[in-house]
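Subject: Structure handover and cavity analysis

Dear colleague,

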Amino acid sequence: MLLKQLYTRGSLNNTERGIEFSIKNRLKDAEIKELLHIKIDGKEVDLSKVIFNTSEEKEIYSSTITKDNRLSFPLRQTLHLEVLDHPQLAVEKHDVEVSVKASPFGTLKFSVTDSIATEKDDEIKIPRDDMDDYGEEIIKTRQKFVEDFSGAKVNHIGKYSIDPHELNGNIEHFTGVAQIPLGFAGPVKINGEHAIGDFMVPMATTEGTLVASYNRGMKIANLCGGIKVSVVDDAMQRAPVFEFEDARGARDFVTWVKLNFKKIKEEAESTSSIADLVYIDHFLSNKFAFLRFNFKTGDAAGQNMVGRATFAASSWILDQYMGIKNFFLESNFATDKKASQINIMRTRGKRVTAEITLKKEVLQQYMRVDPEQLDHHARISAIGSFLSGVNNTGLHSPNGITAMFIATGQDVANVSESSAGIIYTELTKSGDLYFSITIPSLIIATYGGGTGIGTQKESLELMNCYGKGKAYKFAEIVAGVVLAGEISLASAISSSDWVSSHEQYGRNR
């Protein structure tokens, strides 16, 4: 099953010279040492007629590929294979079998079924270049296509300072950029275990008052000695489901999974040098066994990493265990990019708590509120949260998280999970206010994904948070920023400054 993922579905086509299809490296960096065979509908093709095409080179005959003259096949690269002089294929399903020798895998062989589809002459398609879809010429072609289609001009969208070729794996049909205003708030003093000191925080937003509000909360936090932040848990999930004949079959399967965890872990981790399978939760319902694979993913957010690792482990399970009637890699139980109670309870991403003791005199002097007002409002807000069924007892943690996510190249859709927040306040004996927030599913990265793109990388670097070994540090800063925002908005609401602030800075001016 894992090897079938190499084949690009829908790539089988007739050409003027024969037929073609594509494979993409979705495993890890490799080198092809020899093409062993290709079969179409069970019939061997003449390997001397097979040509490989890459984005860098065209028409590499398979006969020239040997153990001493290997074809580089790095992760995420696509290879187009063309079989010259092959009879045209009918518009129907066809079986494709490919076998190669590749380092470091050895002999790879997979069989798939793909279809030849007829294209409608009047079908409107966005222009693409299969060999170099990030080159200047195809980008300009797409820009003109969009202008002709819409009747409007591409102006700001087409101005950028990044190398489009560095975006392979981040975006398809690249046509330009969306420029979002970015401001800095801070400095904010973070007393973490990984983030220690003062930080200027980049925030990308179009919402007036947002940066000012967070800046005000940071000032109050600094006057009270800074924000203490702790990463208390770390996990990323993929949740496959296995279907059986009956509930007893599902129950027995879970027992087998527990006994074979060591081997399952080995298979999962073979796909990555970073993924660490810590444990597997199981949940039984009807005749289904839901397995929730829990990984640590280093400095990457890790959804793709754990998907690949879980698929490898599941492929091994399917080969070893008889009686599985059906299987899906994702059962919607990892709740990827959806708010859920299980992630609040079990952690998804980083579980982080930020806390501070707000001094009474600081609140009175700078925010015109007493600790008792904030505590009273927090308790009432908790009731409102319960009645409305939201995943957050705070006020606006998604504001700060989203602004930081956009600035630093995070997957912004992860705000749906990362927005969960649990607020707790407590009046101290000295009349101050202990104020804390736990973010149970903060999904962030400092390496990989969109974090290496120009603006986003720069924003992380300005906090010394780019690269490996920085994820916990960045998580602590994000949580500290969130708490500062909660302090600011809670004070504004309690002192009735909320509306006047929007009048001064926001959309109402």
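**Cavities in the predicted model**

The structure holds three cavities of 30 Å³ or more. A cavity here is a set of points on a 1 Å grid over the protein atoms alone where a 1.4 Å probe fits but cannot get out; points are joined across faces, edges and corners, and a volume is the space filled by probe spheres set on them.

This is a predicted model, in which local features need pLDDT of at least 70 and side-chain atom pairs count only at pLDDT 80 or more, while totals for chains, interfaces and linings use all residues. Residues are numbered from 1 along each chain as its sequence is written, and side-chain values use heavy atoms, with hydrogens and water left out.

The largest cavity has a volume of about 110 Å³. Its lining (residues with an atom within 4 Å of a point) comprises 15 residues, and Leu6, Ile23, Phe73, Val100 and Leu108 lie nearest its centre. Two or more lining residues come from each of strands S3 (30-40), S9 (93-103) and S10 (106-115), with S9 giving the most, four residues. Strands (E, at least two residues) and helices (H or I, at least four) are DSSP runs numbered from the N terminus. By class, this lining has twelve nonpolar, two polar and one charged residues, where Ala, Val, Leu, Ile, Met, Phe, Trp, Tyr, Cys and Pro count as nonpolar, Asp, Glu, Lys and Arg as charged, and the others, Gly among them, as polar.

The second largest cavity holds about 80 Å³ of space. Residues lining the second largest cavity include His377, Thr393, Phe435 and Glu486. Helix H8 (371-388), strand S19 (422-427) and helix H12 (471-494) each give two or more residues to that lining, and the largest share, four residues, comes from H8.

Kind regards

Notes:
1 Å grid on protein atoms, 1.4 Å probe; cavity = no way out; pocket = protein on both sides within 12 Å on 5 of 7 lines; lining within 4 Å.
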